[in-house]
Amino acid sequence: MQAQDTSYARRVICALASPEMYGRGMQHRGDSIAAEFLRRELASYNVKPLAKNYFQYFRFPQTRTQPPIVQAGYRSQNVCAYLPGRSDTMVVFTAHYEHLGMHGDTIFYGAHDNASGTAAVLDLARALSRGEHHYTYVFLFFGGEEAGLIGSGYFTDIPLVKLDKIKLLINLDLFCGGNEGLMVVNAEDGRTKPFVDLLEEINGEHRFAAKIARRPNAANSDHYFFTPHCPAVFIYTLGGRYGGYHNPQDTCEACGLENYNGFLALMHALLERMEGKGR
């Protein structure tokens, strides 16, 4: 089982939630600054680009007049990477890396939402790049989530992989805190329930999380547009500690990682069980 260290996650969260990222929104092209940071991180671990230079570009189809302010036609990008396995069957991890940007001079830093989930997916890519695997692992970092799941919707409309080859997609969003455990969205679908049952079995053995809770599917994060095509779940934390939700207090300093090691160990344990059954 992979050992975890919160220092990497903390570094990534603090970088993404820094003033230099301008809230990872449209203002000063903060989303593109963040995307370039992700590209460099992935390349440093030799995680391969799934799109040219890792970026799948798309444009916003709508205008919103309240924060986040999104101009119709504004170009953003998904960041897409993979690690080839012995099989072309894929396990996919996703997170949205962008946030609300700025409203006037106020920065919405977005540490919990969702620098934390982005850091966890990067951490998984970093760890998995060190070995060989049965499955092909895909890592997708979506833009436009806050404006209505724009980036993930675009990816499922114009996919860079065969969606029916995805064995399981796990979307991580809101990943600070977690004193009360983890919530799994779309947990009772016939295709996802066996994986959630396996998560609970593993957690019962090791107590990585206080509990694994379940709820039905909802269009509340980037897993949603994948659910017609493949088993896809959305996992987020329950309970503190984090700075807030959609407010300027959602900072790096307020993002609690006391449970992070356990949550990432749970993900690795799930993959180890799946790898064993996949052979």
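Is Cys 14 buried, partly exposed or exposed, and what is its relative accessible area? Cys 14 is partly exposed, at 29%; buried means under 20% relative accessible area, exposed over 50%, and partly exposed in between (1.4 Å probe, protein chains only).

All views show a predicted model, in which local features need pLDDT of at least 70, side-chain atom pairs count only at pLDDT 80 or more, and totals for chains, interfaces and linings use all residues. Residues are numbered from 1 along each chain as its sequence is written, and side-chain values use heavy atoms, with hydrogens and water left out.

**View 1. A disulfide joins Cys 14 to Cys 252.** The S to S distance is 1.7 Å; a disulfide is a pair of cysteine sulfur atoms within 2.5 Å. Cys 14 lies in helix α1 (residues 6-16) and Cys 252 in the loop between β11 and α6, so the bond ties together parts 238 residues apart in sequence. Helices (H or I, at least four residues) and strands (E, at least two) are DSSP runs, numbered from the N terminus. Cys 252 is buried, at 5%.

**View 2. A disulfide joins Cys 176 to Cys 255.** The torsion about this S-S bond is about -90°, so the disulfide is left-handed. Cys 176 is buried at 0%, and Cys 255 is buried at 1%.

**View 3. Cys 80 and Cys 230 are too far apart for a bond.** The sulfur of Cys 80 is 15 Å from that of Cys 230, its closest cysteine sulfur. Cys 80 is buried, at 0%, and Cys 230 is buried, at 1%.
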